[in-house]
Amino acid sequence: MRQFVYSLTSFAALAMMFQGTAFGQDAPLEHFTKDVGVVVRLKSFDKTLEKVVGLVDQVQEGAGSFVEQRAPEIGVAIANPTLTGVDQSRDWYVGIYPNETNPPIVVFVVPATETADMVDALGEGFTTSIEGTWVVYTEAQYEIPKAERSDSAVSLMGEEVMKTFDKGDLSIFVNVGTLTKIYESQIETGQEQILEQLNNLRFAMPEESGINMGAIVDMYGAGAESFFQGLKDAESFTSAISISPESGVTIDDYLVFDAASESGKALTGTSANEMPLISKLPEGAVVYYGLSGGIKEFMNWSMDMSASMLKDDAAREKLKVAMEKFNGIDFGSMVVGINIGSLKGGLVRVSGVAEASPIDAARTAMREVTQLSSNMEFPGFKQEADIQIDAETYGDNKADLVKIKQEYEEGSDQAELQKKMQEIMFGEAGMETRVLYMKDAYLTTMGGGKEAMTTLVARQDSSRSNGVDGVRQLMLEKANFIGMFDLASMVAQGTKAASSVEGFPLPVDEQMIDNLNIAPSYIGASVASEPNSVRARCNVPVIQMQSIGKIAALFTALQMQL
């Protein structure tokens, strides 16, 4: 069994390098019974290896040869270290059969150029079965599960699951329904322990702290229960990882729930859409994200969290009453762009556009909530908000200006640190937010002064691309969440800003970062809910990998100098 554990671990590690389609005439999936817990498929090894080598060479020239040299080691993962008799031009499969009390049984379904040679190479330590040009084998102490097509893993996979499974150079199918039944008692125990630990937090803070731990625990407890309910309701999870030397790495995930379950019903009629508003944000942000559906619930959750931390019970209730006014408002999609500013003007730069109807009701509700937040006391600090209604003019529109001031308890160890952090994050002007209400949407900026709102307003009527169109096209067409993350630029800009701070631990300056020539690029992520299922896609482009590699190399060199 030790050999199998090592084989399984090796397969998972190496297969991530050489990623997984093929439902051929002989249908290798039929060799797994429907009680299989996990099925892993590696697409034709030689072609996938070629893709990986090409990608690695794109990221770091010459590194692909190292991958090519180590490639044969993947034979250890299929218990055939020399790859004797293995057909490297076709797909390889591994099935894992879990057991509540014993180690899992691992079954390999591998194509052969010479079946006899492969069986001989495996030796007496395995039970083998020759099925046409495929060799099915497992550890000698186990029998190979047998199944007809109607009773095989194929019967678990509907059309959409198979489409996803078929995409990847490396594909993984998880039979969640079977796993949750097998490990039902462990899951229930884990749920009870988590809820018990959360409940214990009710007594973690003294009453004089003013923190309403009961409300906080209730919210997190509800989240934990929803997670475990979703786990019980899930039927399967499929992940397909595709590699391209030109476009990078793409991961497609597909989670399916029982249509009659609570989770399955909750996913019916969701509001996934194209979120075209993302093109209305200013260009050059290091992060873009958009939400469609559940915005009102998210706002209520965040305000409940803030209310639960208030010391004053009356203020807490007033805030909750004000939040009820959002119930009559229809929120469409919301998009946000985040960028990094300067130490002098503040690092935080946030721009957002949100659809709301009727806009008059949204304006009234948001202003009331802001005014209620004008004088609030939290444990350890006080917050004052000065709202100036229609304080600024942008074309034909007026914008509210909200200035927020936070004061920390004098003598507190955190007071000076928090004051310094406030200056770094928001600059000398402090935390300023501008809100401009249009016909059926409102614009919001934080940081950047009037210039930031001027730019955002101009974008609403501009046909000029903000540079995210290409990234958006790689995502799911309709989604409930989209995210674009330029991690390399985020680190580079953050490092440049931090290098001006006294006591920065690395000997780096702005010129060193500029010399890296980091090109803008985005990791793209999107999630969409469908009837009784959730679909997700993530793309990591080659340019982003190259940029991250440059930064990693610089930091490594700097660390060696210390």
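What percentage of the 562 residues in the chain is buried? Buried residues make up 44% of the chain, where buried stands for under 20% relative accessible area, exposed for over 50% and partly exposed for values in between (1.4 Å probe, protein chains only). The structure is a predicted model, in which local features need pLDDT of at least 70 and side-chain atom pairs count only at pLDDT 80 or more, while totals for chains, interfaces and linings use all residues. Residues are numbered from 1 along each chain as its sequence is written, and side-chain values use heavy atoms, with hydrogens and water left out.

The chain contains 18 helices and 19 strands, taken as DSSP runs numbered from the N terminus (H or I of at least four residues for helices, E of at least two for strands).

The largest nonpolar core has 40 residues, of which Ile78, Trp92, Val110, Met118 and Tyr137 touch the most other members. Such a core is a set of buried Ala, Val, Leu, Ile, Met, Phe, Trp, Tyr and Cys residues joined through side-chain atoms within 4.5 Å. Helix α2 (residues 45–59) gives the most to this core, namely 5 residues. Leaving aside neighbours within four places in sequence, Trp92 has contacts (heavy atoms within 4.5 Å) with residues including Val40, Phe45, Ile74, Ile78, Leu83 and Val110. Another core, apart from the largest one, has 25 residues, among them Val353, Ala399, Ala441 and Leu456.

The structure holds 8 aromatic pairs, meaning rings of Phe, Tyr and Trp (its six-membered ring) with centres within 6.5 Å; planes under 30 degrees apart count as stacked, over 60 as edge-to-face and the rest as tilted. Phe126 and Tyr137 form an edge-to-face pair, because their planes stand at 90°, with the ring centres 5.9 Å apart. Since Phe126 belongs to strand β4 (residues 126–131) and Tyr137 to strand β5 (residues 134–139), this pair ties together parts that are 11 residues apart in sequence. Phe126 counts as buried at 10% relative accessibility, and Tyr137 does so at 0%. Tyr437 and Tyr442 make a tilted pair, 6.0 Å centre to centre with 45° between the planes, and both residues are buried. Ring pairs also link Phe108, Phe126 and Tyr137 into a cluster.
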